[in-house]
Amino acid sequence: MYTASFAFFELLAEAGVTHCFVNLGSDHPSILEALVKGRREQTPNFPKILTCPNEMVALSCADGMARVTGKPQAVIVHVDVGTQGLAAAMHNASCGRVPVLIFAGLSPFTQEGEMRGTRTEFIHYLQDAKDQGAIVRQYCRYDCEVKTGKNIKQMMMRALQFATSDPKGPVYLCAAREVLEEDMEPYHLDMSVWGPVALGSLPESAVEEITHALISAQNPLIITGYVGRNHNAVRELVCLADTLPIRVLDTCGSDMCFPANHQSCIGLGYGSHPWITKADVIVVLDCDVPWIPTLCKPTTTAIWHIDVDPMKQQMPVFYISAKSRFKADVETVLKQLNKSIAGHLTAYSTAYKSRFEILEKESQERLASLRKVAEPRADGALTSSYVARELKGVMPKDTVVCLEAVTQTMAVVDQLQMTEPGSIINSGAGGLGWFGGAALGIKLALDNGTPNAGRFVAAIVGDGTFLFSVPSSVYWMSMRYNIPFLTIVINNKGWNAPRRSALLVHPDGLSSVATNDELYIEFDPSPDYGGIAKAAAGGKLWAGKATSVKGFDGLLKEAVEAVKGGTSAVLEAVVFGTGS
């Protein structure tokens, strides 16, 4: 029997979707039939199905996997309630520009047996939402109801075109049981005509204008956030920085955009950095929030904005004072600029020598100050900087870090000092709890079908983030599907982000002197983070807790070895104070 449901999975395979993360329900009888058929008949390239006991974890898995592979993955959820269960993961996939296809069933639209798939259960009446797609529409690049199996493949490919065209993002399809049960004649699409929309390059006049601005500037600055999504673009940016004495600010949107050991790197900044105000030329490349005007803004008017989404179509309020803005592929743009600059350098090479020396001096001073920050405290208490520095020394050199440390992010990034594209992945968004499913998806992609054969994955997270991640589902999946990864939980006994937000608005207000308990942001006493994960994994997980430098180093080495041996590990690090 060939149904619309089987056509759905057949199209996923034809489109190169390798994994489908599912949380199934009463809207999926035909989906279940198709899954069994595909498995028993060993349908070629049939997507690998992973059961996810929570929808947010499912979408975060697809998110993490897509960030590594660059290809969309699929998620199946259950009617309106499963769609609601996607929760903050929708926000993350949208803000993080991640291609994901989400599919949900709809309650049957018949109730007297008129069609196969008609209503048979009490819950079908309660889950009949008036506009199910509205639950997630504002986070999607496209959403639509499939109304017949006759064109289900075309509707899926239209959705995937949106998902994979910049700015990439999640797409949402839904269909009722009767539609999914529809018997059909098998058919196939010409996949060569369903590609994404291609981005363009800069007009030659813009290349000339930006070239002359950069080579004549005294303090040019590049601000980026997503360049690292394209590894070749990072290499082109390094080539630019090797040629011109420029500074590069990484806003850590979600990727490693520029090597930390390069003399042009001035580190990580969230909306504020001294060089934003001092630069005489600024080029913003693939960046959502280059600066926050209430904290810091440029003094120059020589600003160019080049982005896959320069208008920020998902943001009602966004604007920067740029001379020009272009929707273009940043790798292509950087190649254009590098070629153009190479033809203009002779007259400037001597003047650049002293400026390169200044950059090198600044870089060495910055790195020296970071080493000092990470030194052990006299009382032996742990700090986030120390934890990150020690992890860098113990983890394999090619480790991929899944980062969701919130208020500790800057301290962690400063100490990890990653240098390779793809070596650090951040959600680039604000829906906390992303890391759990994302780490599973990242590791799955790196292993490429052979358990624990790929690169080491380490997740560095806050204590609140850990709780948001639905660890009961995350670590059960890690055990069930043999996806080992290391989790470092930085325990500062609460949420620091609300306190920081309050201080930015009320620096001398009541909250500036209030305790965490008074602000209702305290986790004291702390949960047993490792114990939660170990219970979810049925005991098949390494768990440890460190409260001082003395105990941390040994436990960290044990945790790393456990993961290398195929078992996930969770190490809780209790850090000094609430701002450490």
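1. At what angle do helix 3 and helix 16 pack, and how far apart are their axes? Helix 3 (residues 55-69) and helix 16 (residues 434-447) meet at about 45°, and their axes lie 6 Å apart. That makes helix 3 oblique to helix 16, and their crossing is right-handed.

2. Some ground rules before going further. This is a predicted model, where local features need pLDDT of at least 70, side-chain atom pairs count only at pLDDT 80 or more, and totals for chains, interfaces and linings use all residues. Residues are numbered from 1 along each chain as its sequence is written, and side-chain values use heavy atoms, with hydrogens and water left out.

3. A word on terms for the helices. Helices (H or I, at least four residues) and strands (E, at least two) are DSSP runs numbered from the N terminus. Axes are lines fitted to C-alpha atoms, for helices over the stretch in contact, with angles from 0 to 180 degrees between N-to-C directions. Under 35 degrees counts as roughly parallel, over 145 as roughly antiparallel, 65 to 115 as roughly perpendicular and the rest as oblique. A crossing is left-handed if the near helix is turned anticlockwise from the far one by less than a right angle, and right-handed if clockwise.

4. Now the residues where helix 3 touches helix 16 (contact means heavy atoms within 4.5 Å). From helix 3 come M56, V57, S60, C61, D63, G64, M65, R67, V68 and T69, and they meet W434, G437, A438, L440, G441, I442, L444, A445 and L446 of helix 16. By class, this contact of helix 3 with helix 16 has twelve nonpolar, five polar and two charged residues (Ala, Val, Leu, Ile, Met, Phe, Trp, Tyr, Cys and Pro count as nonpolar, Asp, Glu, Lys and Arg as charged, and the others, Gly among them, as polar).

5. Helix 3 also packs with helix 5, at an angle of about 20° and with the axes 8 Å apart. The two are therefore roughly parallel to each other, and the crossing of helix 3 and helix 5 is left-handed. M56, L59, S60, D63 and R67 of helix 3 make the contact with A88, A89, M90, N92 and A93 of helix 5.

6. Do look at the largest pocket, with a volume of about 1,400 Å³. Among its 46 lining residues, Y270, V289, I292, A429 and G430 are closest to its centre. Helix 19 (497-505) gives the most to this lining, with four residues. The classes here are 19 nonpolar, 20 polar and seven charged. (On a 1 Å grid over the protein atoms alone, a cavity is a set of points where a 1.4 Å probe fits but cannot get out, and a pocket is an open set with protein on both sides within 12 Å along at least five of seven lines; lining residues have an atom within 4 Å of a point. Points are joined across faces, edges and corners, and a volume is the space filled by probe spheres set on them.)

7. The second largest pocket has a volume of about 870 Å³. Its lining has 42 residues, with G70, P99, D166, K168 and R229 nearest the centre. Helix 3 returns here, as one of the elements that give two or more residues to this lining.

8. Lastly, the structure holds one cavity of 30 Å³ or more. The largest cavity has a volume of about 180 Å³, and its lining divides into eleven nonpolar, two polar and four charged residues.
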